[in-house]
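Here is a short walk through one protein model. Look at the structure below, then read on.

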Amino acid sequence: HQSTDPETEEFDRTIGLIEEMIMDDEFRAIQQSFLTKYAHEFDPNLEENKFIYTDIHREYLTIIEDFIINKIKRAQPNFDLDRFMKQLESRQDELE
């Protein structure tokens, strides 16, 4: 359904971009490269978390966030992350 509300249209466009990105080969290649880089750090037989996991997680978030935000900004030069985050919070029920 098409909305006449520009804010809703922008939000829907952004969600659509994110959905496309996570299915994209480039996104999968970034993830695979990251997994290959750190696979040796994980031991399925170890029940406790290593301190390095925090650093690995932080690096992963940075890489993925940068990828997604840069792609969105190329498609939507006026993209505002803070506004989008507020929209996500207020539309949480729509996304579940």
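The largest pocket is lined by Ile18, Leu61, Ile64, Glu65, Ile68, Ile69, Ile72, Phe79, Leu81, Phe84, Met85 and Leu88. A pocket here is an open set of points on a 1 Å grid over the protein atoms alone, where a 1.4 Å probe fits, with protein on both sides within 12 Å along at least five of seven lines; lining residues have an atom within 4 Å of a point. This is a predicted model, in which local features need pLDDT of at least 70, side-chain atom pairs count only at pLDDT 80 or more, and totals for chains, interfaces and linings use all residues. Residues are numbered from 1 along each chain as its sequence is written, and side-chain values use heavy atoms, with hydrogens and water left out.

The lining of the largest pocket holds 11 nonpolar, no polar and 1 charged residues. Nonpolar means Ala, Val, Leu, Ile, Met, Phe, Trp, Tyr, Cys and Pro; charged means Asp, Glu, Lys and Arg; the others, Gly among them, are polar. Helix H3 (52–75) contributes the most, with 6 residues.

The protein has 5 helices and 0 strands. Helices (H or I, at least four residues) and strands (E, at least two) are DSSP runs, numbered from the N terminus.

How do H1 and H4 pack? Helix H1 (residues 6–23) and helix H4 (residues 81–90) pack at an angle of about 95°, which makes H1 roughly perpendicular to H4, a label for angles of 65 to 115 degrees. Contact (heavy atoms within 4.5 Å) is made by Glu7, Glu10, Phe11, Thr14, Ile15 and Ile18 of H1 and by Arg83, Phe84, Gln87 and Leu88 of H4. These residues divide into 5 nonpolar, 2 polar and 3 charged.

Note on methods
Axes are lines fitted to C-alpha atoms, for helices over the stretch in contact, and angles run from 0 to 180 degrees between N-to-C directions. Angles under 35 degrees count as roughly parallel, over 145 as roughly antiparallel, 65 to 115 as roughly perpendicular and the rest as oblique.
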